[in-house]
Amino acid sequence: MNSVITGNFRPAFFPGQLNENSAQFLFRVRPFTTAASRRISPAKIRAFSTIFIETKPTAPVAAEKEDSGGASGLACPICYDPLTRISDSPLYVGETIGSNLQCNTCKKSYFGNQTHLDLVASSGSKQYDESMPLATELFRTPVVSFLYERGWRQNFIFGGFPGPEKEFDMAKNYLKPVLGGNIVDASCGSGMFTRLFANSGLFSQVTALDYSENMLRQCYEFIEKEENFPKEKVALVRADISRLPFKSSSVDAVHAGAALHCWPSPSTAVAEISRVLRPGGVFVATTYILDGPFAFLPFLRTFRENIMGIAGSQIFLSERELEDLCRTCGLVGFTCMRNGMFVMISARKRSN
Ligand SMILES: C[S@@+](CC[C@H](N)C(=O)[O-])C[C@H]1O[C@@H](n2cnc3c(N)ncnc32)[C@H](O)[C@@H]1O
């Protein structure tokens, strides 16, 4: 039987320093772990503007060595029991057509098509069709999926996003403790970061996950166009961020670029991310931040989804809310780096 995991890769190169690109942006950087840090004056914050605060490095987390159940850590999105591979098809990108995974508890089968494995709870349903909030449904359309990497994503620069390469460099800094392990690129879209993670050779396995079939198709097509792409290290999976198809404590890192504000329930999503992360595992994400009325007038938050619904149901949280969200979902060592409406946050699963 084939295995998706191709070995416990550990890079000789261990990038500990940020490059000069990262320092070009005037970020406000705060660890947000102590009350004292909150009392820091704006002038002092600016003085720290090009310093990166690191989470305390934990020992590198080993990649999973065995393909347990034949499906390398994949679990049933209904009961979270491990999935067993029925067919001999490998699960990596380009090889998923005809793959068949089974949950021996639910007695449910999950299948792969040409582009991805379908691991949403409703997969295989005949009559029932899920309708998600607009921020999720928008990216399921063929036109938005097609345009995403052909102009749509580039516009994020106006909100303060530095651009994929620089965001990747910044994320790598937070991912140092888990290099050599496996990473989930959650809500991968057309796979910009998936490709960067895979081509970097810094991770043993990259799972690109999105709810949108059309985004996954784009992701597949971009990968197909790349020469010498390490396909055997990459799996494309359709899944809902609120129901991740991974065993608990099986993932070394979760990256989520520009996605948190699109998730139907950020707390359910971050709770899921916390569940699947190993102790010491790292969550790093970018999103739009808004310290607007919802941050200061708590009673308005009850209506936030309805008010934001008019603007596409995206949920922009404040710094305090993002920190609280991570903490309340069991993640520690929150850090936050801002530029305009752009924010990169990181937190890690508490080590045992
Ligand atoms: C703005 S795109 C971000 C794509 C990419 N990560 C990036 O950095 O450009 C947001 C992505 O979130 C995905 N998404 C929205 N709701 C989701 C859900 N419930 N589960 C998984 N992915 C979801 C969308 O399909 C879309 O691909």
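**Exercise 1.** In this predicted model, find how far a polar side-chain atom of aspartate 210 lies from an oxygen atom of the ligand.

*Solution.* Start at the side chain of aspartate 210: one of its polar atoms is 2.5 Å from a ligand oxygen. A polar contact requires a pair of N or O atoms within 3.5 Å. Next, take arginine 153, where an N or O atom of the side chain is 2.7 Å from an oxygen atom of the ligand. Then turn to serine 187, which places a polar backbone atom 2.8 Å from a nitrogen atom of the ligand. Finally, consider the surface: the ligand taken alone exposes 600 Å², and the protein buries 99% of that.

**Exercise 2.** State how many residues surround the ligand and sort them by class.

*Solution.* The count is 20 residues, with Thr136, Tyr148, Arg153, Ser187 and Asp210 the closest. Sorted by class, the shell holds twelve nonpolar, five polar and three charged residues.

**Exercise 3.** Identify the pocket whose space the ligand takes, and describe its lining.

*Solution.* The ligand takes the space of the largest pocket. The volume of the largest pocket is about 470 Å³. Its lining comprises 33 residues, of which Phe139, Ser187, Ala258, Ala259 and Cys262 are the closest to the centre. By class, this lining divides into 21 nonpolar, seven polar and five charged residues. Now locate the elements: helices α4 (134-137), α5 (142-152) and α7 (192-200) and strand β7 (205-210) each supply at least two lining residues. To connect the exercises, note that Ser187 is among the closest residues to the ligand and also among the closest to the centre of the largest pocket.

How values were computed. Residues numbered from 1 in each chain as written. Predicted model: local features only at pLDDT ≥ 70, side-chain atom pairs only at ≥ 80, totals over all residues. Heavy atoms only, no water. Near = heavy atom within 4 Å. Polar contact = N/O pair within 3.5 Å; in protein donor to acceptor, adjacent residues only side chain to side chain. Areas by Shrake-Rupley, 256 points an atom, 1.4 Å probe, with all protein chains shown as cover. 1 Å grid on protein atoms, 1.4 Å probe; cavity = no way out; pocket = protein on both sides within 12 Å on 5 of 7 lines; lining within 4 Å. Sits in = over half its atoms within 2 Å of the grid points. Nonpolar A, V, L, I, M, F, W, Y, C, P; charged D, E, K, R; others polar. Points joined across faces, edges and corners; volume = space filled by probe spheres on them. Helix = DSSP H or I, 4+ residues; strand = E, 2+ residues; numbered from the N terminus.
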